[in-house]
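Dear colleague,

I am handing over the structure we spoke about, and my notes on it follow below. Please read them with the model open beside you.

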Amino acid sequence: MGKSFLVTSGKGGTGKTTVAAGLSVCLAALGRQVVCVDADVGLRNLDLVLGLTDHTALDFQDVLTGTASLREALCPHPLVPGLFFLPAPVTVRGGRLEQAAFNEMIHVLQDVCDYCFVDCAAGLSAGFSLVAASCDHALVISALELPALRDAARTIEALERHRSPKTWLVVNRLRPKTVDRPGGINVDDAMDLVGLPLLGLIPEDVAVMDAVAQGLPLPLLGRTGAGQAMHDMALRLEGHAAPVKPRRIQATY
Ligand SMILES: Nc1ncnc2c1ncn2[C@@H]1O[C@H](COP(=O)(O)OP(=O)(O)OP(=O)(O)O)[C@@H](O)[C@H]1O
Ligand SMILES: [Mg+2]
């Protein structure tokens with residue numbers, strides 16, 4: 001039985017899609033079978049970040065309604081063996097998406113892969129409710145800023161009401177010059193504010209946008225700052241020693 005991870009944040013634009021794609025690629029590169037599910041109905045972007053825009057025809061609504069099997073709907077990544085992608089519908093085609101059916105789909109995926117990542121929509125409304133109880137793990141993505149951290153804390157409360165998954169904080173878009181600035185929020189403050197252990201620190205890195213522009217998943221551009229951070233997080237999820245050293249951010253990145 002594999003592990004499922006909800007990638008969430010509350011606040012929009014924190015890097016959920018970037019992290020879901022990056023971790024999926026890195027874990028597949030480590031030899032794992034990985035499924036990456038776009039659950040951002042209406043505003044899906046994971047296909048772009050994985051470099052799969054022209055490769056998808058079916059989506060998870062086809063699976064939930066029985067129009068297609070999972071085998072038919074899963075899109076194998078042409079450049080990353082072991083990585084499969086399941087798109088979100090652009091619009092919901094009649095009826096509504098059922099939470100129980102979505103949970104069951106993730107459960108089935110866990111039976112056939114090592115890792116399943118669900119890229120969540122921003123906010124705590126319908127898109128969040130659809131997926132909130134689907135995974136046994138969660139990654140909450142936030143910048144080192146109060147609005148994002150407060151939304152992260154609310155998201156964690158909402159997750160606990162649904163399923164109480166094992167949850168980590170991922171700090172994204174870290175700018176070394178802003179860390180340990182007098183009066184600023186440091187990584188320890190962030191962990192205290194949200195009450196979560198830290199899985200990783202991802203630096204602000206122009207390669208993130210370059211990768212999307214080139215239609216390539218970030219880790220395939222090499223070990224840039226953000227790509228290296230994704231690789232380190234993947235190693236930690238695999239149980240390898242790749243310690244997080246918040247106090248040495250400036251030296252590391
Ligand atoms: N570490 C980073 N360095 C530089 N740019 C980044 C980094 N992480 C994310 N970005 C950029 O920030 C923007 C938002 O990222 P992303 O789409 O992954 O966030 P999101 O949380 O999925 O957004 P949404 O809530 O809209 O789904 C994108 O333009 C992305 O390229
Ligand atoms: Mg997104």
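**Helix packing and the ligand site**

In this predicted model, helix H1 (residues 16-29) packs against helix H10 (residues 225-237) at an angle of about 65°, with their axes 9 Å apart; axes here are lines fitted to C-alpha atoms, for helices over the stretch in contact, and angles run from 0 to 180 degrees between N-to-C directions. Helices are DSSP runs (H or I, at least four residues), numbered from the N terminus. The crossing of H1 and H10 is right-handed, a term used when the near helix is turned clockwise from the far one by less than a right angle. H1 contributes Thr 18, Val 19, Gly 22, Leu 23, Cys 26 and Leu 27 to the contact, and H10 contributes Met 230, His 231, Met 233, Ala 234 and Leu 237, where contact means heavy atoms within 4.5 Å. These residues divide into eight nonpolar, three polar and no charged, with Ala, Val, Leu, Ile, Met, Phe, Trp, Tyr, Cys and Pro counted as nonpolar, Asp, Glu, Lys and Arg as charged, and the others, Gly among them, as polar.

A second pair consists of helix H7 (residues 146-162) and helix H8 (residues 187-194), whose axes come within 9 Å and cross at roughly 35°, again in a right-handed crossing. Leu 146, Leu 149, Ala 152, Ala 153 and Ile 156 of H7 meet Ala 190, Leu 193 and Val 194 of H8, and the residues of this contact are eight nonpolar, no polar and no charged.

Ligand 1 is surrounded by 17 residues, of which Gly 13, Lys 16, Thr 17, Thr 18 and Arg 173 are the closest; a residue counts if one of its heavy atoms lies within 4 Å. Among the polar contacts (pairs of N or O atoms within 3.5 Å), an oxygen atom of the ligand is 2.7 Å from an N or O atom in the side chain of Lys 16, and an oxygen atom is 2.9 Å from a polar backbone atom of Gly 15. A nitrogen atom of ligand 1 is 3.0 Å from a polar backbone atom of Pro 203. Taken alone, the ligand exposes 630 Å², and the protein buries 80% of that (Shrake-Rupley method, 1.4 Å probe).

As for conventions, residues are numbered from 1 along each chain as its sequence is written, while chains are lettered from A and ligands numbered from 1 in the order in which they are written. Because the model is predicted, local features need pLDDT of at least 70 and side-chain atom pairs count only at pLDDT 80 or more, whereas totals for chains, interfaces and linings use all residues, and side-chain values use heavy atoms, with hydrogens and water left out.

Methods: Helix = DSSP H or I, 4+ residues; strand = E, 2+ residues; numbered from the N terminus. Polar contact = N/O pair within 3.5 Å; in protein donor to acceptor, adjacent residues only side chain to side chain.
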